[in-house]
Every structure is written in C-alpha cells, then in structure tokens.
Amino acid sequence: MNKESMEMLRAAGVDVQTALNRFCGNDSLYAKYLKKFFDDPNYREAGAALAASDWEEMLHAAHTLKGVAGNLGLDRLFETSGRIVAALRAGEHDAAAAAYAVLRGQYEELSRAVEQMRERGLL
C-alpha cells in the first residue's frame, strides 16, 4: 500500500496502520478484505431494518457491521455503528435512525475513496 492510498483511506476515517498491524503488515491481504467489505450485507440490512422499524434486525446488523468495521480499522464506521447499537439497546429508535444517517454518509465516503483507489490502480 503506497502513501497515496494510505492518505486516501485516512481521509475516509480509516486507521490504516492499526488495520495493517491486525493483518501482520500484509497490505495485499488487507486490500483484499477491504474490497470485500462492500460485499458484506450488514450495512444494507441495517438500512432495510430501519425502514421496516425492525429494531432487533437493525441491532443485529449494526452490531455485526461494528465488528467487521473494527477489524478493518474503519474507525468512523465502527464508532457510528456502535452508537446505533447503544441507542437500540436503550430503546432510543430516533437516535439510532439519526446515527444511521451519519453512517450512510461515512459509508458512501469510504466507498468513493475505495473506488477512486481502484480506478487509479492503487487497490
């Protein structure tokens, strides 16, 4: 992973160094899992559950997303999905919905950064 790609990820809320440490410094393995992150259904499932007011399903999806994001060093997504989980556990559905709106923006920002990296051949 070169300096440009690391900066793009940092700007999108990724703790690249911590993530690389989790992957024993294997940046190609990390890149593989970072690309696969967007195939993970939990972000979309949380949104669908929110639309259906299915708070249990939203809790499950947000909790799983939190774990995946944490393992990949996606700090903003980790923190925001954690706020969703906490709000849902407290029965604060409006707070969970507001946090999901923030999560959506963060997810889209990360998605754009990864797509730009792919287009530039950095990932």
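Which residues does Ser 81 touch, not counting residues up to four places away in sequence? This tour of a predicted model begins with that residue and then moves along the chain.

**Stop 1: Ser 81**

Select Ser 81, which is found in helix α6. Leaving out residues up to four places away in sequence, Ser 81 touches Ala 62, Leu 65, Lys 66 and Leu 103. Its relative accessibility is 0%, so Ser 81 counts as buried, the limit being under 20%.

**Stop 2: helix α5**

Ala 62 and Leu 65, both touched by Ser 81, are among the buried residues of α5. Select residues 55-71 to show the whole of this helix. Helix α5 has 17 residues, and the distance from its first C-alpha to its last is 24 Å. That span is close to the 24 Å expected at 1.5 Å a residue.

Next, colour the buried residues of α5: Met 58, Leu 59, Ala 61, Ala 62, Leu 65, Ala 69 and Gly 70. What do these buried residues pack against? Their partners are α2 (16-22), α3 (27-37), α4 (42-51), α6 and α7.

**Stop 3: two loops**

Two further residues with positive phi are found in loops. Select Ser 53, whose place is in the loop between α4 and α5. Ser 53 is not a glycine, yet its phi is positive, about 55°. With a relative accessible area of 45%, Ser 53 is partly exposed.

Then select Cys 24, in the loop between α2 and α3. Here phi is near 55°, again a positive value in a residue other than glycine. Is Cys 24 buried or exposed? Its relative accessibility is 75%, so Cys 24 counts as exposed, the limit being over 50%.

**Stop 4: Gln 106 in helix α7**

Select residues 93-119 to display helix α7, and pick out Gln 106 within this helix. At 14% relative accessibility, Gln 106 counts as buried. The side chain of Gln 106 makes a polar contact with the side chain of Thr 80, at 2.7 Å. Residues up to four places away in sequence aside, Gln 106 touches Arg 76, Leu 77 and Thr 80.

**Stop 5: the cavity**

Rolling a probe the size of a water molecule over the atoms shows where empty space is left. How many cavities of 30 Å³ or more does a search of the whole structure find? The search finds 1, and the volume of the largest cavity is about 30 Å³.

To see its lining, select Ala 12, Gly 13, Val 14, Leu 74, Asp 75, Arg 76, Leu 77, Gln 106 and Leu 110. The largest share, 3 residues, comes from α6. Colouring the lining by residue class gives 5 nonpolar, 2 polar and 2 charged residues.

**Stop 6**

Tyr 107 counts as buried, with 8% relative accessibility. Apart from neighbours within four places in sequence, Tyr 107 is in contact with Phe 37, Phe 38, Tyr 43, Arg 44 and Leu 77. To compare sequence with space, draw a line from the C-alpha of Tyr 107 to that of Lys 3: the two residues are 104 residues apart in sequence and 22 Å apart in space.

Finish at Ala 98, also placed in helix α7. Ala 98 is partly exposed, with a relative accessible area of 46%.

Definitions and conventions: Residues are numbered from 1 along each chain as its sequence is written. This is a predicted model: local features need pLDDT of at least 70, side-chain atom pairs count only at pLDDT 80 or more; totals for chains, interfaces and linings use all residues. Side-chain values use heavy atoms; hydrogens and water are left out. Helices (H or I, at least four residues) and strands (E, at least two) are DSSP runs, numbered from the N terminus. Buried means under 20% relative accessible area, exposed over 50%, partly exposed in between (1.4 Å probe, protein chains only). A polar contact is a pair of N or O atoms within 3.5 Å; within protein, one must be able to donate a hydrogen and the other to accept it, and residues adjacent in sequence count only if both atoms are side-chain atoms. Contact means heavy atoms within 4.5 Å. On a 1 Å grid over the protein atoms alone, a cavity is a set of points where a 1.4 Å probe fits but cannot get out, and a pocket is an open set with protein on both sides within 12 Å along at least five of seven lines; lining residues have an atom within 4 Å of a point. Grid points are joined across faces, edges and corners, and a volume is the space filled by probe spheres set on the points. Ala, Val, Leu, Ile, Met, Phe, Trp, Tyr, Cys and Pro count as nonpolar, Asp, Glu, Lys and Arg as charged, and the others, Gly among them, as polar. The expected span of a helix is 1.5 Å times one less than its number of residues.
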